[in-house]
Amino acid sequence: MSTKKAKQEKMAAPCTVSDVVDMPETSDLSPELDPKNDKGQSAKTKKTKGSKRAGRSKTRREEIIAVARELYEENGLSRTSVQDITSRVGVTRSLFYHYFSDKDAVTSAVLDNMIDDYIEALSYWNEGRSVGQIDDALYSVIKLLRAVLFEEDSLHKALTSNENAALYLDFVNRVAHHTATFIIDTTVQDYAKLHDIRIEHLYETFYVLILGVIGYLRTHPEASDAVVADVIAQTLYLDRNES
């Protein structure tokens, strides 16, 4: 009877997953899946919290840059202080210095922000070009240069003042570098599919040309787009017969 009762109890025992398939021992599970291991869960939680903190940190930094640019455009560089920036953002000066070593550092970030906007506008120009319409592309990019680089807000005026000569030089050098790199990687590649590239040292040629055009337009704002387009076309040996 005892043997029969034991068999009945065994048959009545509930069937588990481990009775059907071979389940690994708990110690064989990865740390993240091991219910006895809190380290895996805590590591995952720490990673999530770290990502959130990094996201908030990036957002706060971008907010400071945006407000600094806003104040520079309203009041100019010299009339904007770190205190002005922190007051409008609503943060402490110590938090500002957590992201930027000084006002020059945030100003440099503002210039990068301006250049990003310019390159974005340049990419729209590049996408809007029509095949073979070289003159149209020249005239439209000159208008873009005038509109973006010579705006009449306080920041652009401050950049071109004598007291900020070094900062302006740094700015236009950055513009020349990013513009040359972008055009060589995009516009020049499209042009090369239909025409011969008749210049050497592409980057250096575009860099010097861009600096020259910016300098010329700054000192000769009345210069016609036609003259500037001719100078660019002649320097780059562009085939304009299809235009």
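These questions and answers cover a cavity and a helix pair in a predicted model.

Me: How many cavities of 30 Å³ or more does the structure hold, and what is the volume of the largest cavity?
Reply: The count of cavities of 30 Å³ or more is one. The largest cavity has a volume of about 30 Å³.

Me: What is the class make-up of the lining of the largest cavity?
Reply: Leu-149 and Ile-214 are among the lining residues, as is Tyr-168. Tyr counts as nonpolar here, along with Leu and Ile. The tally is five nonpolar, no polar and no charged residues.

Me: Are α11 and α12 roughly parallel or antiparallel to each other?
Reply: Helix α11 covers residues 202–219 and helix α12 covers residues 225–236. Their axes come within 11 Å and cross at roughly 165°. Angles over 145 degrees count as roughly antiparallel. Therefore α11 and α12 are roughly antiparallel.

Me: Is the crossing of α11 past α12 left-handed or right-handed?
Reply: The axes of the two helices cross at roughly 165°. The hand of the crossing, α11 passing α12, is right-handed.

Me: How do the residues of the contact of α11 with α12 divide by class?
Reply: From α11 come Thr-205, Phe-206, Leu-209, Val-213, Tyr-216 and Leu-217. From α12 come Val-228, Ile-232, Thr-235 and Leu-236. The division is eight nonpolar, two polar and no charged.

Terms used: Residues are numbered from 1 along each chain as its sequence is written. This is a predicted model: local features need pLDDT of at least 70, side-chain atom pairs count only at pLDDT 80 or more; totals for chains, interfaces and linings use all residues. Side-chain values use heavy atoms; hydrogens and water are left out. On a 1 Å grid over the protein atoms alone, a cavity is a set of points where a 1.4 Å probe fits but cannot get out, and a pocket is an open set with protein on both sides within 12 Å along at least five of seven lines; lining residues have an atom within 4 Å of a point. Grid points are joined across faces, edges and corners, and a volume is the space filled by probe spheres set on the points. Axes are lines fitted to C-alpha atoms, for helices over the stretch in contact, and angles run from 0 to 180 degrees between N-to-C directions. Helices (H or I, at least four residues) and strands (E, at least two) are DSSP runs, numbered from the N terminus. Angles under 35 degrees count as roughly parallel, over 145 as roughly antiparallel, 65 to 115 as roughly perpendicular and the rest as oblique. A crossing is left-handed if the near helix is turned anticlockwise from the far one by less than a right angle, and right-handed if clockwise. Contact means heavy atoms within 4.5 Å.
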